[in-house]
Amino acid sequence: ISNKRRKINFTLRTQNEIITKQKSEIQESSLQIQKALQELQDLDQYKQTFTNMLVHDLKNPLNALVNIDAFPSEKERLAITKHNSNQMLNLVLNMLDISRAENDTFKPEKSEISLLHVIKNSIKNTEYLLNQKRITIHILSETDYSIWGDEEVLVRVIINLLTNAIKFSPAEEHIIIKIQKTDDKTIFLSIKDKGPGIPKEDQEDIFKLFTQLKHKDSGGIKSTGLGLAFCKLAIEAHSWEIGLQSSPGLGSEFWIKISNYSISKNSVSKPTSNYASKSSSLKLKDEDLKKLLPYLIQLQKLQVYAISDIKNIIAQINQLNIPELKTWTEEIINSASSYDEGNYVYLINSLLIS
């Protein structure tokens, strides 16, 4: 009887162990199923968020284009069409590049390019937004640098950073773009605005896809977060670094550390007091200078990037019918069109002190 009891007890222990093991396996399977279900729910939420935010980002430029006839000025219609078309194209290209990066197929097509050329092209593409808020841009750089990068991709990076800076900056403020050499292998490019700033707790997530930050002064603007996510992947694809310095109430400064650069062969340091121009010896009659003075003061208050305002003032100057100013006005327009702030300032001052 004792052997039979031991045998039964052994069988019971064995079955209990099997049941305990099966119970553990069932619990593990249940956890895996719950995890998979949560991932599916997150993916569905991700998809829903993406769809909603993409529609939101596309809705405003599309509305502007659909209602373009509401703007009586042909010049304004053209500017709005160009701006909103570029905005939608930029959004789609960012989305495609992020998708390629997730599949490890995003490869920048690098060549030797001018950093200032990249920046000036980016400013030109944000001119409409700058004019809307009457925001000026100051570029602080002693020289130009040649870098090894994908020009089209880098222009989109700077456009995204500038667009954010413009979006969160108060009207009639200025944005500073600084380029400085940090050592023999790195240059530091930064874009600083005077917006509300970003709280410390939000800064770690700002480059993540679909991150939305609630700024008091952003006008309730929401976006997919595609722009900054694209900036991060594009800069890291160049083996560079991107980051942010910001404090609430003190604005934000996005920076890029660029390696492998050289001084551009076409780079010329241009102090504002050392220019020669075709109109440098221009002398006007006192009565003509008196008529011109109010317009010179207006031009003096503008930065070189306010091209539309500059052209409007030049058009008013041309109506004064002062023949001696023909070359001078052409040089002013050329300086504004090429973002040559040094020559622009020099040309204005050459008449103010004449």
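Lys110 is partly exposed, its relative accessible area being 34%. The structure described here is a predicted model. Lys110 is placed in the loop that runs between helix H2 (74–102) and strand S1 (111–114). When neighbours within four places in sequence are set aside, the residues in contact with Lys110 are Trp148, Gly149, Asp150, Ala237 and His238. For one of these, Gly149, the C-alpha to C-alpha distance to Lys110 is 4.3 Å, although the two residues are 39 apart in sequence.

The protein as a whole contains 11 helices and 8 strands. Of its 354 residues, 40% are buried. Among contacts in the protein with a separation of 6 or more, 73% are accounted for by residues 24 or more positions apart.

Aromatic side chains were examined next. The count comes to 3 aromatic pairs. One of them is formed by Tyr145 and Tyr261, with 5.4 Å from centre to centre and 85 degrees between the planes, an edge-to-face arrangement. Because Tyr145 belongs to strand S3 (residues 145–149) and Tyr261 to strand S8 (residues 261–263), this pair ties together parts that are 116 residues apart in sequence. Tyr145 has a relative accessible area of 7% and is buried. Tyr261, at 16% relative accessibility, also counts as buried, since the limit for this class is under 20%.

Another edge-to-face aromatic pair consists of Phe207 and Phe254, with centres 6.0 Å apart and planes at 90 degrees. This pair, too, links distant parts of the chain: Phe207 is in the loop between helix H6 (200–203) and helix H7 (226–237), Phe254 is in strand S7 (residues 252–259), and 47 residues separate them. Both Phe207 and Phe254 are buried. The ring of Phe207 also has a charged group over it, namely the end of Lys232, at 5.9 Å from the ring centre. A further lysine placed over a ring is Lys257, which lies over the face of Trp255 at 5.2 Å from the ring centre.

Helix packing is described for H9 and H10. Helix H9 (residues 307–318) packs with helix H10 (residues 326–337) at an angle of about 175 degrees, and the axes are 10 Å apart. The two helices are therefore roughly antiparallel to each other, because angles over 145 degrees fall in that class. On the H9 side the contact is made by Ile307, Ile310, Lys311, Ile314, Ile317 and Asn318. H10 contributes Trp328, Thr329, Ile332, Ile333, Ala336 and Ser337.

The loop between H9 and H10 holds Asn321, a residue with phi near 55 degrees. Most residues other than glycine have a negative phi. The value for Asn321 is positive, and Asn321 is not glycine. With a relative accessible area of 65%, Asn321 is exposed. Glu172 likewise has a positive phi, near 65 degrees, in a residue other than glycine. Glu172 is located in the loop between helix H5 (151–168) and strand S4 (174–181). The relative accessible area of Glu172 is 56%, so this residue is classed as exposed.

Note on methods:
Residues numbered from 1 in each chain as written. Predicted model: local features only at pLDDT ≥ 70, side-chain atom pairs only at ≥ 80, totals over all residues. Heavy atoms only, no water. Phe/Tyr/Trp six-rings, centres within 6.5 Å; stacked < 30°, edge-to-face > 60°. Helix = DSSP H or I, 4+ residues; strand = E, 2+ residues; numbered from the N terminus. Buried < 20%, exposed > 50% of the residue type's maximum accessible area, 1.4 Å probe, protein only. Lys NZ or Arg CZ within 6 Å of the ring centre and 35° of its normal. Contact = heavy atoms within 4.5 Å. Axes fitted to C-alpha atoms, helices over the stretch in contact; angles between N-to-C directions. Parallel < 35°, antiparallel > 145°, perpendicular 65-115°, else oblique.
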